[in-house]
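Biologist: I have some labels to check against their cut-offs. Let's take them one at a time.

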Amino acid sequence: FFKQKTAYEIGVRLVGSEMCIRDRAQSGGKVAQANALGLAGEIHVIGDGYTDYQIKSEGPATKFFSFIENIRRNSVCEVADVVLSNIDDYIKFLAE
C-alpha cells in the first residue's frame, strides 16, 4: 500500500509514510490508506497537495501542514493549519 511498503516510526510521536501513486490514483485513496493505519491521538499530515489535506478533512488527521519548499499551491495553503517553508519550521512547531 505504501511506497516501498514502509510506514515508520520516528521517536514516540512521529510516524511517517510515503503514499504510493497507485493508492492516491483512486478517489479517496490516501484517506483510505491513512485510515488503514489505525492511528490514534494527535495526527499531523505534511503535504503539498489537496489529497494530502483530505487526510484531515475526511480522515484521521488532526492537523494539516502545507509544505511549500518545492511548490506553493495557494488553495492548499488556505486550508492548512500551518504553512511550512521547510522541515525546520515543523520541528520548531513541535518544540513550541
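Biologist: Among contacts in the protein chain between residues at least 6 apart in sequence, what share joins residues at least 24 apart?

Modeller: The share is 25%. Keep in mind that this is a predicted model.

Biologist: What pattern does the protein chain follow along the sequence?

Modeller: The pattern reads β-β-α-α-β-α-β-α-β-α. That gives five helices and five strands.

Biologist: How much of the chain counts as buried?

Modeller: Of the 96 residues, 31% are buried. The accessible surface comes to about 6200 Å², and carbon and sulfur atoms account for 50% of that surface.

Biologist: Which residues make up the largest nonpolar core?

Modeller: There are nine: Ala 34, Ile 43, Val 45, Tyr 53, Ile 55, Ala 61, Phe 64, Val 76 and Ala 80. They belong together because a core joins buried residues of the listed nonpolar kinds through side-chain atoms within 4.5 Å. In soluble globular proteins, nonpolar side chains tend to be buried together.

Biologist: What does Ala 80 contact, leaving aside its neighbours within four places in sequence?

Modeller: Ala 80 is in contact with Phe 64 and Ser 66.

Biologist: Why is Tyr 53 called buried, and why is Tyr 50 called partly exposed?

Modeller: Buried means under 20% relative accessible area, and exposed means over 50%. Tyr 53 has 16%, so Tyr 53 is buried. Tyr 50 has 45%, which falls in between, so Tyr 50 is partly exposed.

Biologist: How many aromatic pairs does the structure hold?

Modeller: The structure holds four. In one of them, Tyr 50 and Tyr 53 have ring centres 5.3 Å apart and planes at 50°. The centres lie within the 6.5 Å limit, so the rings pair.

Biologist: Where do Tyr 50 and Tyr 53 sit relative to each other in helix 3?

Modeller: Tyr 50 and Tyr 53 are three residues apart in helix 3 (residues 50-57), so about one helical turn separates them. Ring pairs also link Tyr 50, Tyr 53 and Phe 64 into a cluster.

Biologist: What makes the pair of Phe 65 and Phe 93 edge-to-face?

Modeller: Their planes stand at 75°, which is over 60, so the pair is edge-to-face. The ring centres of Phe 65 and Phe 93 are 5.0 Å apart. This pair links distant parts of the chain: Phe 65 is in strand 4 and Phe 93 in helix 5 (residues 87-95), 28 residues apart.

Biologist: How do you know whether Phe 65 and Phe 93 are buried or partly exposed?

Modeller: Phe 65 has 0% relative accessibility, so Phe 65 is buried. Phe 93 has 25%, so Phe 93 counts as partly exposed.

Biologist: What makes Lys 30 and Asp 52 a salt bridge?

Modeller: Their closest N and O atoms are 2.5 Å apart. The cut-off is within 4 Å, so the pair qualifies. Lys 30 is in helix 2 and Asp 52 in helix 3, 22 residues apart.

Biologist: Are Lys 30 and Asp 52 buried or exposed?

Modeller: Lys 30 has 7% relative accessible area, so Lys 30 is buried. Asp 52 has 10%, so Asp 52 is buried too.

Biologist: How many salt bridges are there by this rule?

Modeller: The count is three. Arg 73 forms one with Asp 48, with closest N and O atoms 3.5 Å apart. Arg 73 lies in the loop between strand 4 and helix 4, and Asp 48 in the loop between strand 3 and helix 3, so the pair ties together parts 25 residues apart in sequence. Lys 56 forms another with Asp 81, at 2.9 Å.

Biologist: Why are Lys 56 and Asp 81 called partly exposed?

Modeller: Lys 56 has 24% relative accessibility and Asp 81 has 36%, so both fall between 20% and 50%.

Biologist: Which residues make the nonpolar surface patch of about 250 Å²?

Modeller: Ile 46, Ile 87 and Ile 91 make it. Ile 46 is in strand 3 (residues 44-47).

Methods. Residues are numbered from 1 along each chain as its sequence is written. This is a predicted model: local features need pLDDT of at least 70, side-chain atom pairs count only at pLDDT 80 or more; totals for chains, interfaces and linings use all residues. Side-chain values use heavy atoms; hydrogens and water are left out. Buried means under 20% relative accessible area, exposed over 50%, partly exposed in between (1.4 Å probe, protein chains only). Contact means heavy atoms within 4.5 Å. Patches are made of residues with over 30% relative accessible area and no salt bridge: like charges are joined within 9 Å, nonpolar side chains (Val, Leu, Ile, Met, Phe, Trp, Tyr) within 5 Å. Accessible areas come from the Shrake-Rupley method with a 1.4 Å probe; for residues, only the protein chains shown count as cover. A salt bridge is a side-chain nitrogen of Lys or Arg within 4 Å of a carboxyl oxygen of Asp or Glu. Helices (H or I, at least four residues) and strands (E, at least two) are DSSP runs, numbered from the N terminus. Rings of Phe, Tyr and Trp (its six-membered ring) pair if their centres lie within 6.5 Å; planes under 30 degrees apart count as stacked, over 60 as edge-to-face and the rest as tilted.
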